[in-house]
Amino acid sequence: MPFSEAVDSRVILTRLREAMAEPGEGQERLDRIVKLIARGLVAEVCSVYLRREDLSLELCATEGLNPEAVHTTRLAPGQGLVGRIAESAEPIRTRDAAHTHGFRFLPETGEEIYSSFLGVPIQRLGEVLGVLVVQNRTEREYSDDEIYALEVVAMVIAEMAELGAFVGPGPMEIARPHGRPFFVRGLVGQEGVAEGRVVLHEPQIVISQPISDDPALECARLRTALEALRAEVDEMLGAEYLATAGEHRDVLNAYRMFANDKGWVMRMEASIESGLAAEVAVEKEQSATRARMSRIADPYLRERLHDFDDLANRLLRLLAGTAAPQGRDLPDDAILVARNIGPAELLDYGRKLSGVVLEEGSVGSHAAIVARALAIPLVIHARRITREAQGGDHILVDGDQGVVHLRPEETVAKAFREKVDMLHEAQAAYVALRDKPARTRDGVTLALHMNAGLIADLPSLPKCGAIGVGLFRTELQFLVRSTVPRRADLAALYARILDSAGEKPVVFRTLDIGSDKVLPYMRRNDEPNPALGWRAIRVGLDRPGIMRMQVQALLRGARGRPLQIMYPFVAEAEEFEEARELTLRELAREQALGHRVPAGLKIGAMLETPSLAFAPDRFFEQVDFLSIGGNDLKQFFFAADRENELVRRRYDMLSASFLAFIEQIVARCAGHGTPLSYCGEDAGRPVDAVGLAAMGLRSLSMRPASIGPVKALLRQVDLEAVRAVIEAGRARGLATVRPMLEEYLRDRGILV
Ligand code: PEP
Ligand code: MG
């Protein structure tokens, strides 16, 4: 009987299902499987290699090779034909294995008598779990049909492995899915530590029946799901707010194209015809896409393949009838694991989360902004985390170091808990300081304010001991919606913020969009350098509609109380003057309309561009207050992108040059009696805060969690002495005074 005619994957799959239903441990199951595949494919050898933790491939079952080699033979990644298959996630077929590139002779297996070789990866969602091989003595050319049949069988083995079907005592522990500890070093998105249980943003679909004997029914299920998918995409495209949004529309148009891609659908139908359940047929395509994705360097093409992958995920969920989790019952210690997440979705989980781990994301992404506002630790760029993590897994998130331990060993968990305990102890000490002033030993009192961006932040105000909100970032309410917020809604929100703050002052910063913060309903201009581009006040002045609406909402939200408005990213006095005039015009208009106006309106600016420090004197006289936005100021001062990991930590706030610049700003403000504060992230780092105080700053605004540590350190220092240390460092020509300052503080036991 010619080999190719014998191939009917459906027959093999039916036998496979019967074999799986019989009782037995993992090893017995695998032994039965290799036998029946060998029989079904008329091969003298069939072997299964499974991947170990060190990525080597272990021979776990064989029909035809020396049984003694089972659990003894191992191949390193890339080694031999089996290693090459695992590495490339591509099949290899040859009629003369011994003379094929990469062949490695394994004497213990007795394979030298087999000439032809066909191996395929056992992969699930792009992750290679092992390799399935058949071999024959004669030199034969395996056909495309035979490769296809073996791939289909390998898909089913992968699904079974995912269900833990091959786990057994001793060496078969290797087959336990997602059982081993997994460590990943990502990047810091937001500091903080958390221990908890994994909640997957997109729960994995568990396929309990990978084989189907009713292709007609499976094809009908696939068609129904595809129709629902196309309807979903059309609905998204029809959404009103997308009518003008360029980039989103492009992505969705690409989705629509993919959802109607005939080749994709035909390949899935062919898989179903060969005996797979519809879900596995989708996953088979998804695995191929992911394998392609890992080989493609072109970012645009990768992005498109990503879209395709997203679409396949949607299709899988539609087939399995599971919606993405919403407004959920989360455990107390929930740690969200996602590939990426939008700001609205993250807000939806809200404070119920103890931490977030993202496989992608960026420091300035909206999700990172929300995580910061929610003050929950966030690790981004955690590679492979969504593939490794299972719902309910034990997980440790160290947002300070940017690392994640999944299913940690007990020793790791213990060390982590010690760190958390220490932090808690320190927190308790900070609570005791809450109502005490931030007064240094030599009697200088600093005003410590908190930064906020959500109404949900306000309860922190009395708890952390801040004397007010020094920076309320207003863009989140604009970013999380698909349309421009309504003035009345914004006014109500601003009123609630002021209500929650009670007597404590709040500085509202007007919309700071552009650069990394892009509104979904605003046409996006492709700018070569968005951080230096059309952003913040520049947008507001060029398109004053939204800015006027926001100012009106602020004036109304004040409901007769004092109001402070701050304009971001002012580079020149004229820009501030224009914004100030606009604000005063709106105030007059409100008055003319008979609305209640704020009891005292202060209009300030953020100093985020070096140029503003050199503005004419009249600016310092006109502006009611100034706040140094150190995050931006530093990036422009050093010409180092605050979002670029390669450079963002390169320059120090305590560098002599930056301190000298701060000192100049302090002097100019002092000369004109302009109130000055500092609201960049550095203000919340205790040693940096001490440095700023030594340069003459008397008001700092920071994340609520930083108030305690900053206050604790300030209360122990003598600012004159700190200043002397900084002067000494400068006199020595040091680039940064940090080491000297830290040493000084450590020597006095102030810093641990
Ligand atoms: C800053 O630039 O320091 C600042 C506080 O503004 P943002 O971080 O929102 O740009
Ligand atoms: Mg800024």
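Student: Are K634 and D682 buried or exposed?

Tutor: Both residues, K634 and D682, are buried. Here "buried" means under 20% relative accessible area, "exposed" means over 50%, and "partly exposed" covers what is in between, with a 1.4 Å probe and protein chains only. Before we go on, residues are numbered from 1 along each chain as its sequence is written, while chains are lettered from A and ligands numbered from 1 in the order in which they are written. This is a predicted model, where local features need pLDDT of at least 70, side-chain atom pairs count only at pLDDT 80 or more, and totals for chains, interfaces and linings use all residues; side-chain values use heavy atoms, leaving out hydrogens and water.

Student: What do the side chains of K634 and D682 form together?

Tutor: They form a salt bridge, with the closest N and O atoms 3.1 Å apart. K634 sits in helix α21 (residues 630-637) and D682 in the loop between β22 (676-678) and α23 (686-694), so the pair ties together parts 48 residues apart in sequence. The rule for a salt bridge is a side-chain nitrogen of Lys or Arg within 4 Å of a carboxyl oxygen of Asp or Glu. Helices (H or I, at least four residues) and strands (E, at least two) are DSSP runs, numbered from the N terminus.

Student: Which residue meets D682 in a salt bridge at 2.5 Å?

Tutor: That is R685, the 2.5 Å being from N to O. D682 has 3% relative accessibility and so counts as buried, whereas R685 is partly exposed at 34%.

Student: How many salt bridges does the rule find?

Tutor: The count comes to 55. One of them joins E590 and R556 at 2.9 Å, N to O. This pair links distant parts of the chain, 34 residues apart: E590 is in helix α19 (residues 573-592) and R556 in helix α18 (residues 544-557). E590 is buried, because its relative accessibility is 0%, while R556 is partly exposed with 24%.

Student: How many aromatic pairs are found in the whole structure?

Tutor: The search finds 11. Take F472 and F508, a tilted pair with 5.7 Å centre to centre and 55° between the planes. F472 is in strand β17 (residues 469-473) and F508 in strand β18 (residues 506-509), so parts 36 residues apart in sequence are tied together. F472 and F508 are both buried. The rings of F637 and F658 have centres 5.3 Å apart and planes at 70°, so this pair is edge-to-face. As for the rule, rings of Phe, Tyr and Trp (its six-membered ring) pair if their centres lie within 6.5 Å; planes under 30 degrees apart count as stacked, over 60 as edge-to-face and the rest as tilted.

Student: Which residues form one aromatic cluster?

Tutor: They are F614, F637, F638, Y651, F658 and F661. Within it, F637 is partly exposed at 28% relative accessible area, and F658 is buried at 0%.

Student: How do I read helices α4 and α8?

Tutor: Two packed helices are described by the angle and the distance between their axes. The axes of α4 (residues 144-162) and α8 (residues 278-295) come within 11 Å and cross at roughly 110°. The contact (heavy atoms within 4.5 Å) is made by Y148, E151, V152, M155 and E159 of α4 with V280, E283 and K284 of α8.

Notes: Axes fitted to C-alpha atoms, helices over the stretch in contact; angles between N-to-C directions.
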